[in-house]
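Here is a short briefing on one protein chain. Keep the sequence and the 3D view open while reading.

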Amino acid sequence: MQLEPQSPVRAHAAVAADMMLAQAPRHAAALLSLHAQALAHERFEPAATAVLAELAVLLDCDRVSLGWRDGSATRIAAVSHGTDLGAREAVPRAIADAMDESIDQGVAVMHPLPRGSSALVTLAHAELARSNGQASILTVPVAGIRNQPGAMLFERREAFDTASIELARDAALFVAPVLELKHRLDASLGARVQSVINHRSLPRRGWLLAGAALFFAFALWPVSQDVVSPARLEAEVQRVIAAPVDGFVRSVDVRPGEAVKEGQLLLTLDRAELALERDKWAAEIAQADKQYRDALSKDEAAPIVLARSKLEQASSQHQLVLRQLVRTNLRAPFDGVLIGGDLSQRVGMPVKRGQELLTLAPQQVVRVVAEVDEQDIAALRVGQPARVLFSAHAGEALNFEVTRLSPVATVLDGRNLFEVEGRLLNANAVDLASLRPGLRGVARIGIDTRSRALQWWQAADNAVRRLSWRLLG
């Protein structure tokens, strides 16, 4: 059976396909070798030099250059080993311009252009060809791993064939990103930041610059430096109401937090024993009075004196019991607020004479007490202005002035706290009846005015000093 002869076009295509298949193993081996050269060196410069030198040998090039776009211009990052960019500055500038020409068009540019190829801008390539002796030039754009544009530029005496062009493109596609990663890792911190800024789009760069400007304005703007601490409201004067006699609680008429008037009944003690004592001494008075009268009728001096002394003693005891009976009704000595002593659930409780039962404070004579941490107490002085915001009056902050710094610290939850007392300045801003001792809130004591950056720096410096002292001594 006779095979039908192939047409010349099909025969040429078949030959080209066979050549590509034959070159495929060599092509892959070359790419693997380039990868090995790139990974064999830790630093960018020796890795790039080795890769570009091997590309120059594989493609029979006089010079192979690698560059990255930095802002609006391309900078040459590496050149193949054994080549010289020339003593004049025009040669590296021409190479960078040719790379820009390929990057801007987004395609590989070859000079001179082969016949039948699409029209491309090659002015920079033609200028480079005139400076290097009319050599053939091939520039392949490179996309880095972070979309950082770059280019590989190949120069040689002979024209570039199809196999050379394919190898150059694959090297730019598969090997150049590895070199770009090493180039970024070797760059300084300032260069990395500049690279990030330069490779942002214009709107994002504007937002970045605006954000940086706002941050610096926020950090450098002078503000008031305050010491912030928990605070409470206390009465300047407190009156303790104690049990006048031994006895039992019979009734309780008020509870802590309630406002009371002068003379208002607060608490009543049981009167049964005192009533018996009163009746006993009343009987003693009657008996002593009878004895005294009998002695007077007999006109006997000694019995008169003895009877009179018994009568006076019984009268004194009776008056004492009467006063104690009156004092079993405990009343408010002045207008104020009951701030301690909840006995409403302890009716019938026995009490001893002198035992503290209730605590009363004047309603309008109050002071602010801030609980300041020991780290901040050194910055406070008497007379400093401050503000306090109580939870019960969240809509109105009150001004006060520091009047006293406690010299002794108290321990609370493992922290040393100093009490800083203050006098209210604008208590009329709220209803005085609502400013009751025991209210809690937050106080802000002004120290001075300085920038936030300086405040942050001082806080960090103090923290580092304390840590170094603790660890290093």
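Among contacts in the protein chain with a separation of 6 or more, what percentage comes from residues 24 or more positions apart? The share is 70%. The model is predicted. Its protein chain holds 11 helices and 19 strands.

**Overall picture**

- The protein chain has 473 residues, and 36% of them are buried.
- The chain exposes about 28300 Å². Carbon and sulfur atoms supply 56% of that area.

**Strand β15 and its partners**

- Strand β15 covers residues 366-373. Seven of its eight residues are buried, so the rest of the structure largely encloses this strand.
- β15 pairs with β6 in the antiparallel sense, over five bridges. Within this pairing, L233 has V368 of β15 as its bridge partner.
- β15 also pairs with strand β18, residues 415-424. That pairing is antiparallel too and has six bridges. Here V372 stands opposite F418 of β18.

**S229 in strand β6**

- Strand β6 spans residues 222-235 and includes S229.
- Is S229 buried or exposed? S229 has a relative accessible area of 4%, under the 20% cut-off, so it counts as buried.
- Leaving aside residues up to four places away in sequence, S229 touches A370, E371, V372, G441, V442 and A443.
- V372, one of these contacts, is the residue that stands opposite F418 in β18.
- A443, another of them, is the bridge partner of V388 in the pairing described next.

- Strand β16 runs from residue 385 to 390. Its covered face carries A386, V388 and F390. Its uncovered face carries P385, R387 and L389.
- β16 pairs with strand β17, residues 398-412, through four bridges in the antiparallel sense. R387, from the uncovered face, has N399 of β17 as its bridge partner.
- β16 also joins strand β19, residues 440-451, through five bridges. These two strands run antiparallel. V388, from the covered face, has A443 of β19 as its bridge partner.

- The buried residues of α5 are S164, I165, L167, A168, D170, A171 and A172.
- R156 lies over the face of F160. The distance to the ring centre is 4.5 Å.
- How many aromatic pairs are there? The count is zero.

**Backbone exceptions**

- As background, most residues other than glycine have a negative phi, and most peptide bonds are trans.
- D60 is not a glycine, yet it has a positive phi of about 55°. D60 lies in the loop between α2 (44-58) and β1 (63-70).
- The peptide bond joining H111 and P112 is cis, with omega of about 0°. P112 sits in the loop between β3 (109-111) and α4 (123-131).

Methods:
Residues are numbered from 1 along each chain as its sequence is written. This is a predicted model: local features need pLDDT of at least 70, side-chain atom pairs count only at pLDDT 80 or more; totals for chains, interfaces and linings use all residues. Side-chain values use heavy atoms; hydrogens and water are left out. Buried means under 20% relative accessible area, exposed over 50%, partly exposed in between (1.4 Å probe, protein chains only). Two strands pair if DSSP finds at least two bridges between them. Contact means heavy atoms within 4.5 Å. Accessible areas come from the Shrake-Rupley method with a 1.4 Å probe; for residues, only the protein chains shown count as cover. Rings of Phe, Tyr and Trp (its six-membered ring) pair if their centres lie within 6.5 Å; planes under 30 degrees apart count as stacked, over 60 as edge-to-face and the rest as tilted. A charge sits over a ring if NZ of Lys or CZ of Arg is within 6 Å of the ring centre and within 35 degrees of the ring normal.
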